[in-house]
Amino acid sequence: MLSSEQFCLSLLRESKTLKTFKQIHAFVSKTGLDKDTFILGKLLIHCTITISDALHYAHNLFLKIPNPDVFMYNTLIRGLSESDTPQRSIPLFVQMRRQLSLPPDSFSFAFILKAAGNFRSLKAGIQLHRQAIGFGLDTHLFVGTTLVSMYAESGSVQSAQKVFDEMFEPNVVAWNAIVTAYFRCGEVNGAERIFNRMPFRNLTSLNVMLAGYTKAGEVDLARELFSQMPLKDVVSWSTMIVGFAHNGCFNEAFGFFRELQRGGMAPNEVSLTGVLHACAQAGAFDFGKILHGYMQKSGHLQIISVNNALLDTYSRCGFVGMARLVFEDMLEKKNIVSWTSMMAGLAMHGYGKEAIELFHQMVDFGIWPDGITFISLLYACSHAGLMEEGYRYFTQMSKIYGIQPAVEHYGCMVDLYGRAGQLQKAYEFVVQMPIPPTDIIWRTLLGACSIHGNVKLAEQVKERLSDLDPNDSGDHVLLSNVYAVAGKWKDVAAVRRSMTDMRIKKTPGWSMIEVDKTMYRFVAGEGQNEIYKEAYDKLKEIMLRITVEGGYVPEVGSVLHDIEGEEKEFAVLLHSEKLAVAFGIARLRDRRPIRIVKNLRICRDCHSVMQLISKVYRLEIVVRDRSRFHSFENGTCSCRDYW
DNA sequence: ATAGGGTTAG
């Protein structure tokens with residue numbers, strides 16, 4: 001015979017959704033079981049930790065408890081510390097501290113310090129550390145480890161080391177935390193030194209090293225260590241896949257994912273989101289589709305984060321319709337990341353109005369937008385030329401939604417005005433910003449000057465950039481492009497000379513194309529191998545055909561060279577997107593669109609070449625450049641020459 | 001009585 005208490009607990013164990021939880025809650029209130037503090041504690045932690053997206057409900061439940069105990073406080077502090085507003089846990093901790101009958105325990109400090117680390121407040125962290133000392137809990141194994149992580153998050157590796165040194169018997173978890181602290185603060189050598197001194201290691205310690213190395217950009221060191229590891233778990237594999245994706249090693253990410261599967265280990269949501277992220281960056285649609293097929297069978301499509309990554313992959317591969325299908329299939333499981341990614345996807349394909357509509361649907365659905373949502377929304381307005389709408393949402397974000405615009409939002413506004421040709425307005429906006437404009441803000445404005453050929457303003461803006469970040473090659477190239485479009489070849493030459501004097505090299509443009517599930521990368525002016533030869537040969541044939549059949553005339557304005565005539569034409573001919581498209585046509589096996597991913601913005605000449613190829617060859621070409629998608633079909637582009 | 005620290009994602 002079950003007691004009503006046991007019955008209630010067994011019901012809770014089965015409850016995974018807020019809906020079933022509410023039923024249990026109603027039942028418990030009716031039977032008066034909620035007078036039992038143990039049951040009440042169980043209800044609170046279940047709602048906070050087990051049920052996803054129910055923190056709001058948990059908070060309300062907590063507020064109705066007349067005299068919450070330490071466990072209840074700790075539970076809600078924990079929930080808030082893991083939320084996107086960890087600073088909200090502080091007032092709760094303060095409230096608990098006011099009640100002297102409720103002394104905080106090691107759990108309280110572990111959770112509240114985690115929160116301080118999450119919102120990177122060294123000030124709050126130091127104060128909490130002092131209080132922990134007062135309760136004699138600072139050397140507690142768990143509290144001490146959290147202190148180490150908190151100081152690392154706040155950038156103070158010395159304090160982390162000091163806390164660690166005072167711990168009585170640090171175990172392997174504490175050692176791992178201090179190694180991570182060094183990596184976190186950018187000290188790879190320090191991390192290695194501690195790692196070599198560790199008295200004991202397990203697999204996780206090696207995984208810590210793998211993660212640290214890849215985050216520091218040391219892919220080769222990670223690879224070397226990985227190959228020496230006698231035992232590897234799914235975290236080791238996922239770490240490598242994610243690390244490759246972060247460092248632009250896409251084929252390696254694909255290869256490791258395949259090997260993980262071949263070894264009989266089951267990929268988890270992290271390895272999957274990692275490899276999808278690689279597909280998204282590389283524009284690897286074919287590999288992405290294979291992953292989608294795998295996930296349909298494996299059951300990973302139940303996981304929200306995996307769906308979000310898949311959605312993003314489809315949009316970044318140029319298939320915004322597929323992205324929309326994934327999005328709709330998520331039904332009511334869509335979270336703020338899903339909505340924001342879908343808005344960004346529509347925006348980068350030029351569907352500004354649709355992105356705005358989605359924003360309103362999201363709000364109606366009951367999801368409150370955050371700062372990132374507004375970046376997508378403003379980006380959508382700017383890429384669709386919706387200047388007034390953009391300004392309206394910028395005003396609304398603080399007035400209606402209570403979100404203070406960050407520098408990124410100001411950047412979106414500069415882009416919005418600049419792209420639309422309102423350069424004076426954009427400049428005035430920058431000058432009256434309440435926060436100091438960063439190099440990125442000025443660079444956005446310089447980009448707009450380059451699109452609209454405003455030499456005078458470009459020179460002014462470049463001055464500011466020379467103070468903030470004089471060595472950015474892109475800035476020099478933009479300025480030189482402004483001069484080139486205006487036909488000021490002497491000034492172009494001067495920029496080029498100063499670049500040589502300052503030893504600034506132009507960031508090489510590259511373009512990638514996926515053929516047979518492998519990414520091929522072309523760099524302008526490079527290449528002696530067979531692949532390049534194949535591309536060059538095809539390109540010559542293509543250029544001849546579009547000249548004869550399409551009336552192509554080279555546009556040499558966007559070339560950074562103080563060279564004349566024929567040579568200039570030759571330089572544009574070498575642009576990487578032309579090589580990639582030629583290679584794609586050479587290897588063409590069906591009428592599928594040719595898809596290219598490029599690291600910089602597409603130039604005018606390449607843009608018109610793509611238009612002509614799409615017409616003469618009756619082929620669809622999709623180019624994802626640094627800022628948006630261009631879909632070429634029958635001689636026109638989806639960007640309507642607005643980029 | 002109930003829970004917690006280190007590695008992979010967003």
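Which residues line the second largest cavity?

A: Heads-up: this is a predicted model, where local features need pLDDT of at least 70, side-chain atom pairs count only at pLDDT 80 or more, and totals for chains, interfaces and linings use all residues. Residues are numbered from 1 along each chain as its sequence is written, chains are lettered from A and ligands numbered from 1 in the order written, and side-chain values use heavy atoms, leaving out hydrogens and water.

The lining is made up of Gly-283, Arg-316, Cys-317, Arg-595, Ile-596, Val-597, Val-622, Arg-624 and Phe-629. (A cavity is a set of points on a 1 Å grid over the protein atoms alone where a 1.4 Å probe fits but cannot get out; lining residues have an atom within 4 Å of a point.) That space comes to about 40 Å³, with volume being what probe spheres set on the points fill, points joined across faces, edges and corners. Searching the whole structure turns up two cavities of 30 Å³ or more.

Strands β3 (594–598) and β4 (621–624) each put in at least two lining residues, and β3 gives the most, with three. (Strands are DSSP E runs of at least two residues, helices H or I runs of at least four, numbered from the N terminus.) By class, the lining has five nonpolar, one polar and three charged residues; Ala, Val, Leu, Ile, Met, Phe, Trp, Tyr, Cys and Pro count as nonpolar, Asp, Glu, Lys and Arg as charged, and the others, Gly among them, as polar.

Where does that put it? Domain 2 (242–317) and domain 4 (513–637) both contribute lining residues, so the second largest cavity lies between them. Chain A also has domain 1 (1–59) and domain 3 (459–501), with bounds from an automatic or database assignment.

Arg-316 also turns up in a helix pairing: α17 (residues 269–282) packs with α19 (residues 304–316) at about 10°, axes 8 Å apart. Those axes are lines fitted to C-alpha atoms over the stretch in contact, with angles from 0 to 180 degrees between N-to-C directions. So α17 is roughly parallel to α19, a label for angles under 35 degrees. Glu-269, Thr-273, Leu-276, Cys-279 and Ala-280 in α17 meet α19 residues including Ala-309, Thr-313 and Arg-316, contact meaning heavy atoms within 4.5 Å.

Methods: Angles under 35 degrees count as roughly parallel, over 145 as roughly antiparallel, 65 to 115 as roughly perpendicular and the rest as oblique. On a 1 Å grid over the protein atoms alone, a cavity is a set of points where a 1.4 Å probe fits but cannot get out, and a pocket is an open set with protein on both sides within 12 Å along at least five of seven lines; lining residues have an atom within 4 Å of a point.
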